[in-house]
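User: I have a structure open and have not looked at it before. Can you take me through it a piece at a time?
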Amino acid sequence: MPNSKPTTPFSGKMERKDNQSPQGEVAGILVEFLEVAITSVVYLKGIYPSGAFERRRYMNVVVQRARHPQLREYIHSAVSGLLPSIQKGLVERVAVTFFNTDNIPMERFIFKLMVNQSFGSKVEESDLEFSLRSFLIKLSVSQPLTTVLPRDCRWEIMAYFRSLPQVSTSKDAEMWIPTDTKQWQQPPLITPIKSMYSEPLGLQLYLEHPSPAEQVSG
């Protein structure tokens, strides 16, 4: 898109509370980032018309924001519901998974994360955001690495937990339910996109595709 097209700030920032723990600060920043990054993935795959998105600026990078309220709310509510679990280090991976009409996964964008639970120093937010910004830049040019999807595919956000969280009173957390999605029987093909480690956060972004044997059997 031409750079002359105007952009406005991304409006998805969460409220930051005073006297947060380092883990709470990191979780808040990470949830904001995931909302923007997942929207970028959906835009990248082209399963909605380009008019379903509008340009915004986030971390000084031009990104996409969903125009449709239901699409925007789904992404926002899903990642916001993970906030307490991310803060406690319970979430291992967040995936954006695309399925064919037989409900078989065709492609996964995986965000693998680690929040250092023993970190007790002040979080350098500017350093963390600088590192996360590079993911958004890399993601925007990663389409050649991805699979061409059929028009009738569907997608969803999935989370993989290191251990199951206790029953929560949070309404946001209640939207996360066990999945009955079909899984690949063979180890997937993995394509790295970006990784970083900046205390107290480690993050990897990579693609998963079914192995050739899986594609033949499917």
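User: Start with Asn60. Is Asn60 buried or exposed?

Analyst: This is a predicted model, and in it Asn60 counts as exposed because its relative accessibility is 61%, where exposed means over 50%.

User: Where does Asn60 sit?

Analyst: Asn60 is in the loop between β2 and β3. Its phi is near 65 degrees, a positive value in a residue other than glycine.

User: And Met59, what is its phi?

Analyst: Phi of Met59 is near 55 degrees, again a positive value in a residue other than glycine. Met59 is found in the loop between β2 and β3.

User: Why does Met59 count as buried?

Analyst: Met59 has a relative accessibility of 9%, and the cut-off for buried is under 20%, so Met59 counts as buried.

User: Step back a bit. How many helices and strands does the chain have?

Analyst: There are five helices and eight strands in the protein chain. Along the sequence they follow the pattern β-α-β-β-α-α-β-β-α-β-β-β-α.

User: What share of the residues is buried?

Analyst: Of the 218 residues in the protein chain, 47% are buried. As for contacts between residues at least 6 apart in sequence, 74% of them join residues at least 24 apart.

User: Now the helices. Which residues of α2 are buried?

Analyst: Leu71, Ile75, Ser77, Ala78, Val79 and Ser80 are the buried ones in α2. They pack against α1 (22-45), β2 (53-58), β3 (61-66), α3 (83-87) and β6 (154-161).

User: What length should α2 have, and what does the model give?

Analyst: Helix α2 covers residues 69-80, and at 1.5 Å a residue its 12 residues should span 16 Å. The end C-alpha atoms are 16 Å apart, so the two values agree.

User: You mentioned α1. How are two packed helices described?

Analyst: By the angle between their axes and the distance between the axes. For α1 and α2 the angle is about 145 degrees, and the axes are 9 Å apart. The crossing of α1 past α2 is right-handed.

User: Which residues meet there?

Analyst: From α1, Val31, Leu34, Glu35, Ile38 and Thr39 meet Ile75, His76, Val79 and Ser80 from α2. By class, that contact has five nonpolar, three polar and one charged residues.

User: Which residues of α4 are buried?

Analyst: Leu128, Glu129, Ser131, Leu132, Phe135, Leu136 and Leu139 are buried in α4. These residues cover an arc of only 160 degrees around the axis, so they are on the same side of α4.

User: What is on the other side of α4?

Analyst: Ser126, Phe130 and Ser140 are exposed there.

User: What do the buried residues of α4 pack against?

Analyst: They pack against α1, β2, β3, β5 (105-115), β7 (189-198) and β8 (201-209). One of the buried residues of α4 is Ser131, which has 16% relative accessibility. Leaving out residues up to four places away in sequence, Ser131 touches Met196 and Ser198.

User: Last one: Leu189. Which strand is it in, and what does it touch?

Analyst: Leu189 lies in strand β7. Not counting residues up to four places away in sequence, Leu189 touches Leu207, Glu208, His209, Pro210, Ser211 and Pro212. Leu189 and Pro210 are 21 residues apart along the chain, with 6.1 Å between their C-alpha atoms. At 43% relative accessibility, Leu189 counts as partly exposed.

Methods:
Residues numbered from 1 in each chain as written. Predicted model: local features only at pLDDT ≥ 70, side-chain atom pairs only at ≥ 80, totals over all residues. Heavy atoms only, no water. Helix = DSSP H or I, 4+ residues; strand = E, 2+ residues; numbered from the N terminus. Expected span 1.5 Å × (residues − 1). Buried < 20%, exposed > 50% of the residue type's maximum accessible area, 1.4 Å probe, protein only. Contact = heavy atoms within 4.5 Å. Axes fitted to C-alpha atoms, helices over the stretch in contact; angles between N-to-C directions. Left-handed = near helix turned anticlockwise from the far one by under 90°. Nonpolar A, V, L, I, M, F, W, Y, C, P; charged D, E, K, R; others polar. Arc of directions from axis to C-beta.
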